[in-house]
Amino acid sequence: MTPRKRTAIYHTFGCKLNFAETSTIARRLEEEADIVRAAGGEVPDYVVINSCSVTEVADKKCRQAIRSFARNYPEARIVVTGCYAQLKPDEVKALPGVAIVAGADRKGEIARYILDLEKAASEQAVAYHTPTKAIRAFTPSCSRGDRTRHFLKVQDGCDYFCTYCTIPMARGRSRSASIADCVAEARKVAAEGGREIVLTGVNVGDFGKGSEETFLDLCRELDKVEGISRYRISSIEPNLLTDETIEFVARSRAFMPHFHIPLQSGSDEVLRLMRRKYDTALFARKVATIRRLLPDAFIGVDLIVGARGETDELFEESLRFVESLDISRLHVFTYSERPGTKALEIAHVVSQEEKHRRTRRMIELSDRKLRDFTARFEGTVRPVLIEHLRADGTSEGLTDNYLRVRLDAPAPELANCIRPVKLLTPIDVEISNARLASDTER
């Protein structure tokens, strides 16, 4: 009888970068340790958690997940990696069920750590941790599997040290893959039938720092890879989003009209307190340049509300600035105190009640922006990359400019295909009805 293969389940918190890394961890466990993904309902031998620590809430959710997995799978060994594991390895190691803690730069070694654990037959938890200041290695990753889109990690770490942020303490200094390695990975995705790649990183615009390569150079070379129909830039700092990059996207073969740009505050005083590297005037110019060159582009914007130093007057200033921008959507984050950050030295503290009130107002503004943007395209035809058939029998997909649509009839045979689709009425603020365009409408 063939022995049963060991199995693992995976749980990812946080950013698209984490999802790309989790996919790579799963692939390497299968290749190097013969550990396969557990089937639905199967009791796993391992639980691998890729954690986030961007807020205190993220830490809390990770702790809750670890305890829940330990209760549900008492015989499984839990492996925790990611930012929370990097920042607080001893705290994670002490949680129930945890067998291995792997710091931010150790994700590529998890298969070896599991094999070592099995050889030792030890019940004692082990933590593998490099002090963040000493992290220099770049670990490549690219998500694969059942996703229509692939997420390609091109950069890691950050040198900005904004006052509210723990990412440099968790991820280390800025470092990148090479253009040659990224192009080789894109060719693999194309060979496997992938159509769309999202470029991910902590600070992707910083790609190539310390070398002669630049982010624009990377985009130019990726655009040449045959078989990849779409690229998206996951997020890019406004001061690193050059006019040349916007111009390139406007005329490129495969880069989509879609930008995600962190603003964090619409008040110059709060931006100064945050130690951001731009002001509202620069941000407004970037949005105007995108709209001039790519009028249909989706522009998503990150925003933090309730940060230390954000008085009532400064919040209203931020709200007015965001209202003035021709953007598509906000991703609103409520400020969370993080130990070790410089923000704790700022005197003015916003109450939790006021933070939540401000968050609601910004989300309401975001919903209006998204409805207005979506309404521009009602009745138009746009190319949609159709995703796999959903559990409820419907097909969904994304337009070139990042509008999510649901087809009025299932189209499983068109999964992973790009087709012209006519956008109809919205279902809600997040998604619109659509149908395949007729020959005369194309």
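Colleague: Is tyrosine 113 buried or exposed?

Modeller: Please note that this is a predicted model. Tyrosine 113 has 2% relative accessibility and counts as buried, because the cut-off for that class is under 20%.

Colleague: How many aromatic pairs are there?

Modeller: The count comes to 8 aromatic pairs. One of them joins tyrosine 113 and tyrosine 128, whose ring centres are 3.6 Å apart. Their planes are at 0 degrees, and planes under 30 degrees apart count as stacked, so this pair is stacked.

Colleague: Where do tyrosine 113 and tyrosine 128 lie in the chain?

Modeller: Tyrosine 113 belongs to helix H5 (residues 110-120), whereas tyrosine 128 belongs to strand E6 (residues 126-128). The two are 15 residues apart, and the pair links distant parts of the chain.

Colleague: What about phenylalanine 373 and phenylalanine 377: at what angle are their planes?

Modeller: Their planes are at 65 degrees, and the ring centres are 5.1 Å apart. An angle over 60 degrees counts as edge-to-face, so that is the class of this pair. Both phenylalanine 373 and phenylalanine 377 are buried.

Colleague: Which residues form one aromatic cluster with them?

Modeller: Phe298 and Tyr402 form one aromatic cluster with Phe373 and Phe377.

Colleague: Where is tyrosine 402 placed?

Modeller: Tyrosine 402 sits in the loop between strand E16 (396-399) and strand E17 (404-407). Its phi is near 65 degrees, a positive value in a residue other than glycine. With 22% relative accessibility, tyrosine 402 counts as partly exposed.

Colleague: Changing topic to charges: which lysine lies over the face of phenylalanine 138?

Modeller: That is lysine 153, at 5.0 Å from the ring centre. Lysine 277 likewise lies over the face of tyrosine 160, at 4.9 Å from the ring centre.

Colleague: Now the helices. At what angle do H9 and H11 pack?

Modeller: Helix H9 (residues 243-251) and helix H11 (residues 280-293) pack at about 25 degrees, and their axes are 10 Å apart. Angles under 35 degrees count as roughly parallel, so H9 and H11 fall into that class. Their crossing is right-handed.

Colleague: Which residues meet there?

Modeller: From H9, the residues are Asp243, Ile246, Glu247 and Ala250. They meet Lys286, Thr289, Ile290 and Leu293 in H11.

Colleague: And how far apart are the axes of H1 and H5?

Modeller: The axes of H5 and helix H1 (residues 16-33) are 8 Å apart, and the packing angle is about 45 degrees. That angle makes H1 oblique to H5. H1 passes H5 in a right-handed crossing.

Colleague: Which residues of H1 meet H5?

Modeller: Ile25, Arg28, Leu29, Glu32 and Ala33 do so, and their partners in H5 are Ile110, Ala111, Ile114 and Leu115.

Colleague: What does arginine 28 touch, leaving out residues up to four places away in sequence?

Modeller: Arginine 28 touches Ala33, Gly108 and Ala111. Arginine 28 counts as partly exposed, at 28% relative accessibility. Its C-alpha is 10.0 Å from that of lysine 107, a residue 79 residues apart from arginine 28 in sequence.

Key. Residues are numbered from 1 along each chain as its sequence is written. This is a predicted model: local features need pLDDT of at least 70, side-chain atom pairs count only at pLDDT 80 or more; totals for chains, interfaces and linings use all residues. Side-chain values use heavy atoms; hydrogens and water are left out. Rings of Phe, Tyr and Trp (its six-membered ring) pair if their centres lie within 6.5 Å; planes under 30 degrees apart count as stacked, over 60 as edge-to-face and the rest as tilted. Helices (H or I, at least four residues) and strands (E, at least two) are DSSP runs, numbered from the N terminus. Buried means under 20% relative accessible area, exposed over 50%, partly exposed in between (1.4 Å probe, protein chains only). A charge sits over a ring if NZ of Lys or CZ of Arg is within 6 Å of the ring centre and within 35 degrees of the ring normal. Axes are lines fitted to C-alpha atoms, for helices over the stretch in contact, and angles run from 0 to 180 degrees between N-to-C directions. Angles under 35 degrees count as roughly parallel, over 145 as roughly antiparallel, 65 to 115 as roughly perpendicular and the rest as oblique. A crossing is left-handed if the near helix is turned anticlockwise from the far one by less than a right angle, and right-handed if clockwise. Contact means heavy atoms within 4.5 Å.
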